[in-house]
Amino acid sequence: MAFGEVHALIGENGAGKSTLARILSGISQPDSGSISLDGSLVRIRSFQEAQRLGISIIHQELDLFPSLTIAENLAIGNLHYSGGRAELDRVGLDCPTSLTVDSLSIGQQQLLAIARALSMKARILLMDEPTSSLADDSVERLFALIADLKAQGAAIVYVSHKMDEIFRIADQITVLRDGQTVATLDATATTPAEIVRLMVGRDLDLTARPHRTPSSDPVLTVDNLRTRKLSGVSFELRRGEVLGIAGLVGAGRSALGAALAGLDPILGGTVRGGRVALLPEDRGAQGLMPNLSVLENGTLAVLGRVQKFGFVRDAEERRLFDPVASRLALKCASTGAPVSTLSGGNQQKVLFTRSLLRDPNVLFLDDPARGIDVAAKQDIYRAIDEFAAAGKGVILVSSELPELLRCSDRILVLAAGRQTALLDAATATPESIMAAATRL
Amino acid sequence: MTKRPRRFPESLLALLGIIVLAIAVSPVASDGGRIFLQPGNLTDILRQISIIGIISLGMTFVILTAGIDLSVGSILALATVVVSMGIVRQGHGIAVSILLALGASAAVGVLNGVITATLRMQPFVVTLATMIGVRGLAKWLSSNENIDIGFGHDLAATFAASFSRKAVIIGTYVALAGSFWVLLTRTVFGRYVRAVGDNPKAAEYAGLPIRATKIWVYGLSGLLSGIAGVLYTAENHQGNPNAGVAYELDAIAAVVIGGTRLSGGKGSISGTVIGALFMGILTNLLRLNNVDSNVEMMIKAILIVLAVAAQRERKSK
């Protein structure tokens with residue numbers, strides 16, 4: 001690739017994108033093959049060496065230090081940091097640098113990671129799913145930044161699952177599958193459909209909206225809900241309906257899930273009906289028990305139903321788990337293997353199974369398709385449709401507007417903890433949603 | 001697609017290694033046999049590890065929840081004082097005295113659990129406090145004196161004679177180890193224990209009974225320390241408010257040698273039993289060869305590190 005160019009890497013989970021990122025940043029070593037820079041072969045043996053070569057990586061799993069402050073995180077291991085907050089302003093992170101990282105939202109942490117990479121004066125910047133937890137306004141700012149860096153002659157490797165992003169910013173697109181390059185294409189000479197085909201080897205339709213007819217019968221009624229982070233939220237979720245939740249990072253989308261699932265106290269208003277099961281936003285931190293097996297993770301919340309005198313009955317447990325898991329097309333070598341050995345998409349399906357097994361009539365899905373591959377996304381969408389078709393209600397949070405428009409019947413928009421709109425998804429547009437999300 | 005692929009545990013290799021070494025360097029008796037392998041010596045080893053072994057079963061559960069229990073040695077001392085005072089000074093029967101001792105021990109454990117779970121304090125700090133406080137309680141109750149149990153024909157002597165037999169001590173350990181193995185691997189409670197330690201945040205989101213699980217775990221650890229204290233009293237013919245000092249460290253050593261991670265979520269009872277056996281055989285092998293007790297500590301230190309190093313996870317990439 002050339003300087004002054006944005007080169008997108010795309011591929012399903014496990015295709016080798018993150019491995020490539022680790023090799024370029026000096027964390028892992030290649031088994032064979034070579035990397036050349038400025039026409040000469042280089043070997044990247046450590047993080048510092050990568051930095052001296054001008055390579056900087058923004059990893060998908062953010063490599064920040066949670067108990068250190070923003071300033072300390074910028075300075076640590078950084079050969080070029082000179083204090084100041086120029087980079088923070090560039091990415092639009094407007095908090096004091098004395099805050100510790102664990103007090104920031106995931107989206108803000110992502111911005112900090114980008115600022116950190118910028119401050120290392122990189123000529124080659126690799127971004128691994130940088131927008132996976134950013135709200136749309138931050139994404140816009142990031143894209144402007146990328147255009148800026150590109151104009152200054154930097155080379156940017158952009159790893160993403162999001163087709164619309166890639167086509168907006170990439171000059172070249174390389175598709176990886178099973179650790180190999182399938183094709184490198186000029187972005188102007190290809191189409192999203194072609195890329196998806198190359199990624200999975202078959203056609204997928206990401207845009208078709210299912211035809212649903214929600215009844216007028218409410219399964220969950222929320223009236224003027226108030227919690228520490230929310231106020232004035234009112235809606236009726238009907239049987240067979242998928243209600244999308246849109247909003248910027250920190251608008252209170254996850255707070256709504258926490259309140260409805262009983263994790264955050266309700267300070268005012270009423271919530272009627274609904275056995276709510278929550279699929280949390282952060283798969284690793286809030287969902288998985290990495291050392292427990294796939295099966296154990298799936299049935300964890302419903303052990304009461306498979307026990308006798310406190311003993312787990314294996315056959316009953318399997319009878320509960322297997323049908324739900326296979327309906328979600330969960331793929332794993334063994335349900336007895338630790339869940340951490342699965343790909344991101346399959347891990348999400350295990351958590352989805354856990355939520356479904358609780359036999360809820362309302363599913364609160366907090367960004368269920370975040371950072372998972374296209375095929376797994378399809379399986380999740382199908383499960384959402386099935387659940388709604390069974391006359392139950394789904395509340396779907398997503399940072400991706402196309403996903404919300406594809407899956408929802410109505411879209412509730414939050415801004416700074418307040419409800420600013422409740423739109424019909426059939427007539428809503430990304431513009432109308434964004435307008436409501438920025439109405440403070 | 002049902003069973004977890006079985007891996008040969010490295011802790012078992014370490015145990016086999018130490019057994020081979022013990023046989024190899026064992027002194028030879030007058031009849032030509034190896035002293036290490038004599039039935040009397042082997043059962044001695046089992047009896048010697050039983051007290052720490054019992055405590056380490058509870059410690060395994062505590063550590064699986066990503067906690068730690070530093071108060072076990074002090075609880076053991078409290079149990080020795082309560083049971084011996086009950087029989088010798090208060091004139092309670094054997095059963096009542098034992099129940100009092102176990103009740104007091106479990107109560108301290110539950111207190112550890114309640115403070116840890118409800119005030120969300122670090123278990124290290126909570127159990128450090130009870131370690132100090134309960135030691136004080138044991139000394140205060142006994143006026144910091146040993147309560148001796150004689151060898152005569154009174155009730156106390158009967159207690160000591162029956163509970164200091166090898167079969168009773170080893171049998172108690174084996175029965176408890178079996179029970180706790182079942183508890184961890186087969187029950188809902190056991191699964192909660194592993195889940196809570198593996199990812200506390202996710203346990204909260206999954207709606208698991210985190211508080212109850214922690215209270216039970218520390219309560220059981222206290223109860224087991226109490227059982228160990230009763231056996232200790234019989235074996236040593238005295239209630240001793242200064243008993244069990246640093247036992248928490250021996251118990252933790254057995255747990256980590258057995259492959260249980262201090263960060264929680266991963267470990268096993270079988271591993272902890274192997275860890276206790278490893279330590280017992282090592283002690284026995286050094287003593288049979290008349291190794292100086294100070295040198296013994298240094299050798300133990302090295303072997304603990306080696307045993308744990310041998311089973312650390314290999315980096316995958």
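This briefing walks through the domains, sheets, core and chain contact of the structure above.

It is a predicted model, where local features need pLDDT of at least 70, side-chain atom pairs count only at pLDDT 80 or more, and totals for chains, interfaces and linings use all residues. Residues are numbered from 1 along each chain as its sequence is written, while chains are lettered from A and ligands numbered from 1 in the order in which they are written. Chain A splits into domain 1 (5-200) and domain 2 (218-437), with bounds that come from an automatic or database domain assignment. Helices (H or I, at least four residues) and strands (E, at least two) are DSSP runs, numbered from the N terminus.

**How the two domains of chain A meet**

- The C-alpha centres of domain 1 and domain 2 of chain A sit 29 Å apart.
- Their contact involves 21 residues of domain 1 of chain A and 18 residues of domain 2 of chain A; two residues are in contact if their C-beta atoms, placed from the backbone, lie within 7 Å.

- Strand 1 (residues 5-10) of chain A runs parallel to strand 6 (residues 155-159) of chain A, joined by 5 bridges, and A:His7 has A:Val157 as its bridge partner. Two strands pair if DSSP finds at least two bridges between them.
- Strand 1 of chain A also runs parallel to strand 7 (residues 172-177) of chain A, with 4 bridges; there A:Ile10 is partnered by A:Val175.
- Strand 4 (residues 55-58) of chain A is covered on both faces: A:Ile55 and A:Ile57 on one side, and A:Ser56 and A:Ile58 on the other, are all buried. A residue is buried if 20 or more other C-beta atoms lie within 10 Å of its own, exposed if 12 or fewer, and partly exposed in between, with C-beta atoms placed from the backbone.
- Strand 4 of chain A pairs in the parallel sense with strand 5 (residues 124-128) of chain A over 4 bridges, and A:Ile55 has A:Ile124 as its bridge partner.
- A:Gly83 sits in the loop between helix 3 (70-75) and helix 4 (86-91) of chain A. With 10 C-beta neighbours inside 10 Å, A:Gly83 counts as exposed.

- An open sheet of 6 strands goes in the order 13-16-17-11-18-19 (chain A), with mixed pairing.
- Strand 13 (276-279) and strand 19 (418-424) of chain A are at the edges with a single partner strand each, so one side of each is left without a neighbour in the sheet.
- Neighbouring strands in this sheet are turned by 20° against each other on average, direction ignored; axes are lines fitted to C-alpha atoms, for helices over the stretch in contact, and angles run from 0 to 180 degrees between N-to-C directions.
- Helix 13 (residues 344-357) of chain A packs on this sheet, touching strand 13 and strand 16 of chain A, and its direction makes about 170° with that of strand 13 of chain A.
- Strand 13 of chain A and strand 16 (residues 362-366) of chain A pair in the parallel sense over 4 bridges.
- Helix 14 (residues 374-389) of chain A lies across strand 11 (242-247), strand 16 and strand 17 (393-397) of chain A, at about 150° to strand 17 of chain A.
- Another open sheet has 3 strands in the order 10-9-12 (chain A), paired antiparallel, and its twist averages 5° from one strand to the next.

**Core and chain contact**

- The largest nonpolar core has 221 residues, and A:Phe364, A:Leu396, B:Ile55, B:Leu78 and B:Phe278 have the most contacts inside it. Such a core is a set of buried Ala, Val, Leu, Ile, Met, Phe, Trp, Tyr and Cys residues joined through C-beta atoms within 7 Å.
- Helix 10 (residues 210-236) of chain B gives this core its largest share, 13 residues.
- Domain 1 (5-200) and domain 2 (218-437) of chain A both give residues to this core, so it lies between them.
- Between the chains, 27 residues of chain A are in contact with 24 residues of chain B.
- The side of chain A that touches chain B has 15 nonpolar, 10 polar and 2 charged residues.

Terms used. Nonpolar A, V, L, I, M, F, W, Y, C, P; charged D, E, K, R; others polar.
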